[in-house]
Amino acid sequence: LLCVPSEGAMMDNRFATALVIACVLSLISTIYMAASIGTDFWYEYHTLSPAENVTEAGRSIWEEFVSKDADEKTYTDALFRCNGTVGLWRRCITVPKNSHWYSPPETDMTTNCISFSLSDQFVEKYIEPGNHNSGTDLNRTYLWRLQFLLPFVSIGLMCFGALIGLCACACRSLYPAIATGVLHFLAGLCTLGLVGCYVAGIELLHRKLPLPEDVRGEFGWSFCLACVSAPLQFMAAALFIWAARTNRKEFTLLKAYRVA
């Protein structure tokens, strides 16, 4: 194609532009996914007066919150009362720095976070949170496990696609870009599945443990990053596939024309 004058050069520039845009979109979506996985603001609880909740009983709640034996109901109640935030890997609450005395609302606050262990990610969810005798809630159990696994599958597919793209650059061929596009499309499906699983899991949890009247819950900016990452992956996939297929088709037509 490089030997063809003006028209071929125009086609090369067009495909190169599409690939550059696709690479930029892929890089941005990867950064967004990595940031969303590593931050703790997938869902946020806002309490009207969190400091007033830290009475003697309230302190025992957040002390149980940091315990390794805390069950789902225990740490969810603490999230409700103490301006909690939940990520894929950690849960956090906001408490006064001096937890040994009653703290008025103007007291300086600090955030305490506890990581979910690997066993926590695969633990069974119960029909009645906190009641181990109520039976396993299969829907919430598998939604929780999927929301842990899918983001890593998504990032893995994009990294593998990037590796194939580097091989394509080394070979000076656009054909491998089709595989890169397919991998980005699958990564977008995984990210979309992650978002759907998380929303469904939160909704099912709040049916079991309704929000108190003075507590407001909302999806945080970490969740929004994952939501933005999915369409970026789909757009990158479309550009990779379009550039490779169209270039191949026009190269075939050009070769036929030369033979003629």
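1. What pLDDT does the protein chain average, and what share of the residues score at least 70? The chain averages a pLDDT of 80, and 77% of the residues score at least 70; pLDDT is the predictor's confidence in each residue, from 0 to 100. Please keep in mind that this is a predicted model, where local features need pLDDT of at least 70, side-chain atom pairs count only at pLDDT 80 or more, and totals for chains, interfaces and linings use all residues. Residues are numbered from 1 along each chain as its sequence is written, and side-chain values use heavy atoms, with hydrogens and water left out.

2. Confidence in the protein chain is highest in helix H6, at a mean of 93, and lowest in helix H2 (residues 56-65), at 62. Over residues 1-11 the pLDDT stays under 50, and the model has 12 contacts beyond four places in sequence for them; contact means heavy atoms within 4.5 Å. Residues 250-260 also stay under 50, with 9 such contacts. Where pLDDT is low, the predicted coordinates should not be read in detail.

3. Now for the overall layout. The secondary structure comes to 7 helices and 5 strands, where helices (H or I, at least four residues) and strands (E, at least two) are DSSP runs numbered from the N terminus. From that end, the elements run α-β-α-α-β-β-β-α-α-α-β-α. Of the 260 residues, 43% count as buried; buried means under 20% relative accessible area, exposed over 50%, and partly exposed in between (1.4 Å probe, protein chains only). Among contacts between residues at least 6 apart in sequence, 74% join residues at least 24 apart.

4. E1 is mostly covered, with 4 of its 5 residues buried.

5. Look inside for the nonpolar cores, which are sets of buried Ala, Val, Leu, Ile, Met, Phe, Trp, Tyr and Cys residues joined through side-chain atoms within 4.5 Å. The largest has 36 residues, and those with the most contacts inside it are Met33, Trp42, Tyr45, Leu79, Ile93 and Tyr198. Elements giving two or more residues to this core include helix H1 (6-38), strand E3 (90-96) and helix H5 (138-171), and H6 gives the most, with 9 residues. Methionine 33 touches residues including Pro151, Ile155, Met158, Leu194 and Ala226. A second, separate core of 11 residues includes Phe15, Ala22, Leu25 and Ala243.

6. Leucine 205, in helix H6, counts as buried at 10% relative accessibility. Beyond its neighbours within four places in sequence, leucine 205 is in contact with Glu72, Thr76 and Arg140. Lysine 125 is in the loop between helix H4 (118-121) and H5, and is buried with a relative accessible area of 5%. Among the residues that lysine 125 touches are Glu72, Tyr75, Asp137, Arg140 and Trp144.

7. Finally, compare the model with the record. An unreviewed UniProt entry annotates "transmembrane region" at residues 15-35, 148-175, 181-202 and 223-244; such annotations may be inferred rather than shown by experiment, feature names are shortened, and positions are given in the numbering used here. In the model, residues 15-35 are 100% helix, with end C-alpha atoms 30 Å apart. Residues 181-202 are 100% helix, with end C-alpha atoms 32 Å apart.
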